[in-house]
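I opened the notebook to look up a few things in a new structure. My entries follow the order in which I looked.

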Amino acid sequence: MNEEIGEYLDKVFPAFEPELKSRLAQESTLKLIPAGEVIMRTGQYFKYTLLIARGKVKLYREGDDGEEAYIYTLQAGNACALSMICNTRQQTSEITAIALEDTTAIMVPIQLMDNLMQQYKSWYYFVIDNYRSRFEELLTVLDSVIFKGMDQRLEFYLKNQVKSRGTRELAMTHSEIANDLNTSREVVSRLLKKMEQDKKIQLFRSHIAWL
C-alpha cells in the first residue's frame, strides 16, 4: 500500500469509502508533473484516469491549424471526466491537457474502472458528479462563445481563471489568453487595456491583477 497515496486520498478525497481508498492506494501510482508538461495529446489512448491531488491542469482543444480553445481547468479534488469516458469506451483523447503548475496526480489504471463503478458507491457518485460538473462548465463556455461578444468573453474568462486558480494575480501572457479564446493577441491587448481603464483589472509586465 502506498502510504503517500493514502494520505492524499484522506486529505483531498475524503468522501471515498475506506475500502475504496485502500484499493486505490494499493493499485494506483503517484505521478509528479512539472508545470508546463503536456499530460495528454489529441489522438492518444488513455491508460489511466487522473485524480488531481495537488496543482492545476488545463484542458483545451486544438484546431487543424494549431489554434487552441480553452475548455476547463482541473484542480485538487477533481478528475478528468473525459478520460473516464474514453477509458470505458477505449477511445482516443480529443483534448490536450497541460499542467499549469507543479501537479501531483493519482494514476488509476484503466482496467480498474468498471470494477470500481460496480463495487464502490462513493466512486460511482464521484464519477457521476464529475460528469455533471464538467458538462455544466462546458455549457458555460459554449454560452459565452455563442451569446457574448469578445469583451464579455474575455471578462468571463478572466473571472473563471481567478476562480479556478484561487488567486487574483494571473501569471498569463496576452498570447496565452488569445490562444484560449481563439482570437488575436492584438485584440486581447486592446480589450485588456480597456478593462484597465474601467478599473476592472491592473496590468503588469508579468501578470494581470483582478481588482
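Below are my notes on domains, salt bridges and surface.

**Ground rules.** I am working with a predicted model, where local features need pLDDT of at least 70, side-chain atom pairs count only at pLDDT 80 or more, and totals for chains, interfaces and linings use all residues. Residues are numbered from 1 along each chain as its sequence is written, and side-chain values use heavy atoms, without hydrogens and water.

**Domains.** I looked up the domain assignment, whose bounds come from an automatic or database source. It lists domain 1 (1-119) and domain 2 (148-210). Their contact (heavy atoms within 4.5 Å) takes 9 residues from domain 1 and 9 residues from domain 2. Taken over C-alpha atoms, the two centres are 27 Å apart.

I then checked the record. An unreviewed UniProt entry annotates residues 148-211 as "domain: HTH crp-type"; such annotations may be inferred rather than shown by experiment. I found this stretch to be 58% helix and 12% strand. Helices (H or I, at least four residues) and strands (E, at least two) are DSSP runs, numbered from the N terminus.

**Salt bridges.** I used this cut-off: a side-chain nitrogen of Lys or Arg within 4 Å of a carboxyl oxygen of Asp or Glu. The structure holds 13 of them.

D180 and K58 form one, at 3.0 Å from N to O. D180 sits in helix α7 (residues 174-181) and K58 in strand β4 (residues 56-62), so the pair ties together parts 122 residues apart in sequence. Are the two buried or exposed? I noted both D180 and K58 as buried. Buried means under 20% relative accessible area, exposed over 50%, and partly exposed in between (1.4 Å probe, protein chains only).

K200 pairs with E155, their closest N and O atoms being 3.0 Å apart. K200 is in the loop between α8 (185-197) and β9 (201-203), while E155 is in helix α6 (residues 150-165). K200 is partly exposed at 31%, and E155 is buried at 19%.

D198 meets K194 at 2.8 Å, N to O. I also saw D129, R132 and E136 joined into one network by salt bridges that share partners.

**Surface.** I looked at K47, in the loop between β2 (38-40) and β3 (48-54). K47 is exposed because its relative accessibility is 63%. The C-alpha atoms of K47 and I110 are 5.4 Å apart, though 63 residues separate them along the chain.

Last, I looked at I146 in helix α5 (residues 121-147). I146 is exposed, at 52%.
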